[in-house]
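Colleague: I have a model open and would like to go through it. Can we start with the ligand?

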Amino acid sequence: MKLELAKGDITQEATEAIGNAANSRLAGGGGVDGAIHRSGGHEIMKELREKYRGCPTGSAVITGGGHLKAKYVIHAVGPVYSGKPKDAELLAGAYQASLELCSKHRIRSIAFPSISTGVYGYPVREAAPIALNTVKRYLTSHSEIERVRFVLFDDQTYLAYQEVYSKFQM
Ligand code: AR6
């Protein structure tokens with residue numbers, strides 16, 4: 001199984017990279033973004049400010065991991081939920097762009113949070129199949145990535161992902 005689910009705090013993950021659910025200004029914030037910057041220290045924000053002028057929704061940028069166990073943080077920007085078809089495309093884009101950065105930087109393992117399902121209001125039952133199917137599809141054609149973990153913070157989120165995951169044949 002290259003794709004796994006876990007319950008927990010992503011800042012404690014020892015995968016080579018962890019994903020962040022960022023905003024398009026890359027300005028930091030609450031939720032998982034706040035937790036990553038608190039645990040990783042100021043150098044992550046410093047690098048974001050030096051290298052990037054924001055990031056479009058549906059895309060991602062990469063920095064070092066500061067004091068985190070992970071060597072890299074991939075800051076992905078999911079959509080604010082609007083209920084329009086474009087949401088799904090942008091959410092898939094955030095995962096896809098993150099995985100493309102892994103391939104480009106020879107990162108073999110990454111942990112993702114559930115992007116957009118907190119402050120951004122994406123219903124987790126709709127987001128889980130998009131997240132898992134996007135990653136599953138990418139892994140099928142990119143053997144350079146060895147492991148993708150979804151690290152889910154609360155029971156409701158974990159169960160929604162588990163329901164989709166249990167139907168996968170991988
Ligand atoms: N580890 C794993 N998952 C977590 C953690 C953690 N330490 N903390 C929270 N979650 P959110 P969004 C879960 O709101 O919806 C920020 O202000 C959380 O329970 O972090 O994409 C950014 O700056 C939920 O399941 O991200 C943006 O402005 C999931 O992570 C905005 O929020 C995503 O919730 C992005 O909103």
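Modeller: A polar side-chain atom of Asp-33 lies 2.7 Å from an oxygen atom of the ligand, a polar contact, meaning a pair of N or O atoms within 3.5 Å. This is a predicted model, where local features need pLDDT of at least 70, side-chain atom pairs count only at pLDDT 80 or more, and totals for chains, interfaces and linings use all residues. Residues are numbered from 1 along each chain as its sequence is written, and side-chain values use heavy atoms, with hydrogens and water left out.

Colleague: How far is Gly-30 from an oxygen atom of the ligand?

Modeller: A backbone N or O atom of Gly-30 is 2.8 Å from a ligand oxygen. For Asp-154, a side-chain N or O atom lies 3.5 Å from an oxygen of the ligand.

Colleague: New topic. How many salt bridges are there?

Modeller: The count is nine, taking a side-chain nitrogen of Lys or Arg within 4 Å of a carboxyl oxygen of Asp or Glu. One of them joins Lys-7 and Asp-155, with the closest N and O atoms 2.5 Å apart.

Colleague: Why would side chains pair like that?

Modeller: Side chains of opposite charge can pair when their charged atoms come close.

Notes. A polar contact is a pair of N or O atoms within 3.5 Å; within protein, one must be able to donate a hydrogen and the other to accept it, and residues adjacent in sequence count only if both atoms are side-chain atoms.
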